[in-house]
Each structure stands twice: as C-alpha cells, then as structure tokens.
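These are my notebook entries on one structure. I record what I looked up and in which order.

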Amino acid sequence: MLQFTSRFVDSTPGDPQSDRRPRQVHGALWSKVQPTPVSAPRLVAYSPEMAALLGLDEATLRSEEAVRVLSGNGLWPGMVPYAANYGGHQFGQWAGQLGDGRAISLGEMQGTDGTRYELQLKGAGPTPYSRRGDGRAVLRSSIREFLCSEAMHHLGVPTTRALSLVATGDAVIRDMFYDGNPEAEPGAIVCRVAPTFLRFGNFELCASRGDVGLLKLLADYTLKNFYPELGAPSKDTYAAFFQEVARRTARLMAHWQAVGFVHGVMNTDNMSILGLTIDYGPYGWVDDFNPGWTPNTTDAEQRRYRFGNQPGIGLWNVERLGVALLPILDEEEALVEAGLLEYERVFQAELQRRFAAKLGLSSLAQEGDLELVQGCFSWLAAQETDMTIFFRGLSRVVTAPEAPSEWPVVLREAFYGKVPDEHVARGLEWLTAWWRRTRREDVAPAEQARRMDAVNPKYVLRNWLAQEAIDAAHAGDDSKVHALLDVMRRPFEEQPGREAYAGRRPEWARSKPGCSALSCSS
Ligand code: AMP
Ligand code: MG
C-alpha cells in the first residue's frame, strides 16, 4: 500500500475556497483542486530510475490504476491535490500572481533514499491560477520536459525529475507560432517529481502583498523541511538560507554553462528554491557554441535569456529573492548584499572548476590558465563549432604523444560547414598551448582522458533529436522517445552503434521550429 503525505497542505495556510474560477488568492500559499479527468489515458513512457527511487515496480506503474492516477483520472488514498500560489518577475517585470495554472501536486511519498518526494501532474486541468489558460499541456512540450528532466539528471545536473508521460486522448488547441493559426494537438501529462516545487516566486508574492506573516510561515516551512541543517528560524537562519539558495543557484548556472543548456525562460517563477532546474519550456541545447543564442522565440528581440546571459540573470533573480526576504531579514540590505557576493564567488569558482575539468586540468591556478580558457571561448564562438563534439574530442588529443602539428580529425567533426584556414590555424595554436599545459599536470594522459570523458558528455538532448522523437510520436510511434531516453541514461559513455545521437545538428534542423526556435506555447 503506497503511503502519501502532504506536509505543505498540512502545515501552511490554504485557500478557503475550492472553486477553479480564476481569481486572486490572498493570505494562502495554495488552493486545493482536483485534476480534471481525461478521456483516454495511455502511458507513453516512464523513467525506470525514477520509478525505482520511488519503490514503484514496472507492473505497478503500468497498471490501469497507476495510469488513472498519472493522468488525473483517479487518486491513491492519502493524496490531497493542490495548486501552489506564487508570483514572479517575467522578462524583468513584476507580473503579480501567477501560480500553478496547470500543475497539480498530488502528494508526497517516501523514496528508497529516505527523501520525501512530491508528485506533480503538469497539464492536469484548470486551477484558480489558470488565468486565461486551459490548464493543459501538449504532447510535444511534454515529451521535451519528460526527456530533458531525465537527461539532465543523468548528466548530474540538479533538476526536477519526471516519472511518467501519459497521452490524454484529448485534443488541446494551441497557436504555436502566435500567428493567429490555432491548431488541435494531442494533449499529455507529465508526472514531475521533486522534494518540493517551491520557487523564488512563492516568496516574492507574499512580499509583494506586504504579507510578512505569510512570508515568514513559508520561510519557516521551507527551512524546517528542506534546510533543516540551518537550524531554528531566526534572522540569522533566514540569512544563511538566502546565502545557501544563492550558492546553489550559482552552482546550477555554472553547470548549465558547462553542458551547454539554455533554459529559455529564467523568470523568477521558474527558479527553484532548492537550486534545481525547473520548468522545461522553450529550453534548448547549444549546438554551436554561441553565447548569444536563445531557443525562445518569445525572447528573440531582447534575448534576455541567451546562453551567455544566464549567470547574470541567475544573480538578478537571486537578488529578487533577497529583496523579497528583506522583511524577515529585519530590512538589513547588507545581508542581501552578502548573498549576492556569495553568488558571484561561488559562480566564478564553480565555472573555473568545471571548465578546468573539461580541459583535463586540476585547476586554473597557473599563470596563463584563465587566458587559455578565454582564448578557447572566443575561438569557439568565432565560427560555428559544436560545443559538445569539441570538448568530447579533446580527450582524444590529450593522449597524443606530441603536441598536434595539424588540426585533428576528431575536432574537424565539430565544425558546421567550411571554416577559413586562418581560423583553423588559430585553433591549432590554441590546441598546442593547451596540450603543453596538460603536460604540466601530475597525471598520466590516459587517466586525464578518462577524467575528461567523465565530464564532457558524448550525448546531450540535442533539440533536433527531441524533435524527431516528437514527430514520430505525433505519427503514432513512441519508440523514438524510448530510444532517446535510453541513450540519455548514459551520456558520458561511448555507446557503439548510437553515434548518430552524438552528431552535429543536420542542416534541415538549422531553423526548423522545435529544433532552433521554440515558442512558449506549450
Ligand atoms: P511558464 O512560462 O510555463 O513557466 O508559465 C507561466 C505561468 O503561466 C504559470 O503560472 C503557469 O502555470 C501558467 N500557464 C502556462 N500555460 C498554461 C496553461 N495552458 N493553462 C494555464 N496556465 C498556464
Ligand atoms: Mg513556470
């Protein structure tokens, strides 16, 4: 018998009303709301690792009963479904109350690791926070969230997880390009899993309304359940909490930069209070290393959330959280300042640590090291060069007995199209300097290569791979979703026969919607 708890609902103030009418909800952190049933649920995919962590075996998960729950058509005893109330800064502007407009948390269950995990359905129907939305999600965006949650986990990047992907059998109307041509698309529901889905925006909403009592209750709940090591609530504990969120966010940003992940919508309602990657919408993976790239067409003008801007936005978002916490920090702005400094310190240290490791170096402490990394970044950005293939290829070069005298074949693979000879010549200069630097490490080249392969993934969830799986699923074939999930379970290993998943973006995908340009419509 599965056991469910609901600490949030049990111990914090909720909405006294229970209707789904879109409205402002004051004085409450959540609203109870039942998922809206769907007509023909079908389990499309599930994550074996996530299921195992929850102690769910395959037979249970595939059972009619489980699929009913995972599609919002039923509940297991003990589940108390609710939608959370939060606000957020969207694209730099305060947007007021947002809340879970289509996500409904069902309850928490104990994982085999002792952690309590919350199960949340995304696309389970309207809530009081749906505003003008329908509360639903389409199959294409659900496939993307399902796959990327698990791919990120296997890369070692902190993230919310995905247990299951269910097709609802109902159509959802979306105007994908916002061009006045709405179309019916298949609907789907992802069951997401995390210790909590609380965001910066939950705290900001309380603060924006001057509800310091509610803000304090939320902070105390968060401390008690997710940061118990920080001790009993007090001004000092709140300050330590803010610093820790700042550190985790900084580490997360360094990690995204190191794997080439671009979130696409880093609004403060999409920033996890646990420092997890959360809310996979129009995200993307850089193919060519381009700091100016954003997958999000809604952000195409300003490109606020472009690859190279993520660390700065992370800091800006952390500042929004700090400002929201000021009332329980006795308005001491110096405490917020300290957290922001901590963010910058940790981000720099983490970025250096990660890129040192990617280059096979134990640190970037030697003279010229920082210039070496800078030189790498600017060279990579100068001509279209695949980030993942380039870094993965370096482990083949590090074991060469001599500094390379010509551009290695494995790295030629990384170029999109023809590059000028002088660019290759400059690359070779960089490569030679780097190779010489690796020889000043106190480790055998074969071991260096092994360590590099453990941090430079061969397989990432390239946008065009996800799109191919989506196209097949739309045509009734789920096998590409399964195959892709399976490849992404071991991103650092060579997987013979699966090289196609590690290839450059094909030309057809250069500007195809879903591959390089994604809208928020999901
Ligand atoms: P996002 O940009 O996906 O993080 O969503 C921002 C806000 O819009 C959140 O409050 C979502 O719950 C809400 N939202 C997005 N799509 C829908 C939808 N189809 N129905 C209801 N609310 C939605
Ligand atoms: Mg969101």
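I count helices (H or I, at least four residues) and strands (E, at least two) as DSSP runs, numbered from the N terminus. The model is a predicted one, in which local features need pLDDT of at least 70 and side-chain atom pairs count only at pLDDT 80 or more, while totals for chains, interfaces and linings use all residues. Residues are numbered from 1 along each chain as its sequence is written, chains are lettered from A and ligands numbered from 1 in the order in which they are written, and side-chain values use heavy atoms, with hydrogens and water left out.

**Entry 1: helix 10**

I looked up helix 10, residues 333-358, and then the residue Gly360 that follows the helix, whose phi is positive, near 75°. The 26 residues of helix 10 reach 37 Å from the first C-alpha to the last, close to the expected 38 Å. The expected span is 1.5 Å times one less than the number of residues.

I then listed buried residues (under 20% relative accessible area; exposed is over 50%, partly exposed in between; 1.4 Å probe, protein chains only). In helix 10 they include Val336, Leu340, Tyr343 and Phe347. Among the elements covering the buried residues of helix 10 are helix 8 (235-259), helix 9 (310-325) and helix 11 (369-382).

**Entry 2: helix 11**

Helix 11 has 14 residues, which should span 20 Å, and its end C-alpha atoms are 20 Å apart, in agreement. Its buried residues include Leu372, Cys376 and Trp379. Their cover includes helix 10, helix 12 and helix 14 (421-438).

**Entry 3: the magnesium ion**

Which protein atoms are donors of the magnesium ion (ligand 2)? I found Asn270 (OD1) and Asp279 (OD), 1.9 to 2.2 Å from the ion. Donors are N, O and S atoms within 2.8 Å of the metal (3.2 Å for Na, K and Ca); water is not among the atoms, so the site may look incomplete.

Asn270 lies in the loop between strand 11 (261-262) and strand 12 (284-285). Asn270 counts as buried because its relative accessibility is 10%. Leaving aside residues up to four places away in sequence, Asn270 touches Arg199, His263, Val265, Ile278 and Asp279, where contact means heavy atoms within 4.5 Å.

**Entry 4: cysteines**

How many disulfides are there? I found zero, a disulfide being a pair of cysteine sulfur atoms within 2.5 Å. The sulfur of Cys520 is 15 Å from the closest cysteine sulfur, in Cys148, and therefore too far for a bond. Cys520 is partly exposed at 28% relative accessibility, whereas Cys206 is buried at 5%.
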